[in-house]
Amino acid sequence: MNNEETGRFRAALRRYAGAHGGACIRLKAVLFDMDGVMYNSMPYHTAAWHTVMERHGLHLSRGEAYLHEGRTGAATINIVYRRQNGKDAPQELIESIYAEKCGIFSSFPEPDAMPGAWELLQQLRAEGIVPVLVTGSGQKTMLKRILADYPGMFDSAHMVTAFDVKYGKPHPEPYLMGLVKAGGLQPNEAVVVENAPIGVEAGVAAGVFTIAVNTGPLEARVLREAGADYVLPSMPALCEAWKSLRQTMEEERCAR
Ligand code: CA
């Protein structure tokens with residue numbers, strides 16, 4: 001990171017502290033979203049959403065699907081159904097559309113692990129920082145794969161999925177549960193890494209410093225407007241910046 005980038009990050013930490021009673025970050029865990037952060041899976045998810053919705057006469061463009069990223073499948077289906085029909089979608093329809101969506105997604109090639117993610121996780125482990133997965137996904141193939149693709153990094157005790165939550169992102173619940181699974185941490189003892197506006201909203205609502213990695217087609221401005229404390233263009237960029245980010249967090253912590 002150059003001086004200007006470090007300065008922007010330091011300013012973000014101070015803004016966070018100002019908004020949270022002077023709390024500086026004492027990092028013990030990083031709460032990671034899955035799709036678009038751990039996997040380059042969003043192009044397949046948005047294509048699957050578009051296809052299944054059209055099949056049921058519901059209109060959801062790929063571009064709009066990116067804006068709903070992070071919601072539970074049921075919430076996405078209901079928003080689109082409501083918009084067209086003026087009432088909630090029947091539960092059976094929600095379940096069948098979501099099952100079909102998962103089927104279409106599974107028929108695509110397996111998404112690649114996100115470049116930079118493994119290297120970043122290794123840095124965290126070396127520092128004794130706990131990674132926790134916090135995803136709205138109920139895609140069982142992916143939840144199984146992540147254990148194999150990132151060996152030794154996640155286990156079921158350190159994962160929050162669609163099966164654990166009632167509300168889902170943008171509600172703070174998933175990230176609050178992530179703090180519990182990280183060992184009962186305070187919000188200033190973690191950071192969130194997210195790629196989607198709704199995920200960013202959830203992290204911020206949970207009171208956690210939220211770093212957005214802009215791995216999709218959205219403008220960075222959309223992530224800032226969702227409340228992201230700091231925005232980086234990619235996971236490799238976050239991995240490369242990590243040492244500087246940590247050093248700056250420590251400097252700010254010691255200054256208080
Ligand atoms: Ca995501």
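Q: A helix here is a DSSP run of H or I with at least four residues, numbered from the N terminus. Which helix gives the most to the lining of the second largest cavity?

A: In this predicted model, that is H1, with 4 residues. Helix H1 (3–19) and helix H11 (235–254) each supply at least two residues of this lining, which includes Leu13, Arg14, Met249 and Glu252. The space inside is about 50 Å³.

Q: What makes Asp33, Asp35, Glu69 and Asn195 donors of the calcium ion?

A: For Ca, an N, O or S atom counts as a donor within 3.2 Å. Asp33 (OD), Asp35 (O), Glu69 (OE) and Asn195 (OD1) coordinate the ion at 2.1 to 2.3 Å, so they qualify. Along the chain, their spacing reads D-x1-D-x33-E-x125-N.

Q: Why does the pair Asp33 and Glu69 tie together parts of the chain that are apart in sequence?

A: Asp33 sits in the loop between strand S1 (29–32) and helix H2 (42–55), while Glu69 belongs to the loop between helix H3 (62–68) and helix H4 (73–85), so the parts they join are 36 residues apart in sequence. Both Asp33 and Glu69 are buried, a word used for under 20% relative accessible area.

Q: How do you know which class leads in the lining of the largest cavity?

A: By class, there are 13 polar residues, 7 charged and 5 nonpolar, and Gly counts as polar. Among the 25 lining residues, those closest to the centre are Asp35, His45, Trp49, Gly70 and Arg71. Helix H2 supplies the largest share, 4 residues, and the cavity holds about 290 Å³ of space.

Note on methods:
Residues numbered from 1 in each chain as written. Predicted model: local features only at pLDDT ≥ 70, side-chain atom pairs only at ≥ 80, totals over all residues. Heavy atoms only, no water. Donors = N, O, S within 2.8 Å, 3.2 Å for Na, K, Ca; no water. Buried < 20%, exposed > 50% of the residue type's maximum accessible area, 1.4 Å probe, protein only. 1 Å grid on protein atoms, 1.4 Å probe; cavity = no way out; pocket = protein on both sides within 12 Å on 5 of 7 lines; lining within 4 Å. Points joined across faces, edges and corners; volume = space filled by probe spheres on them.
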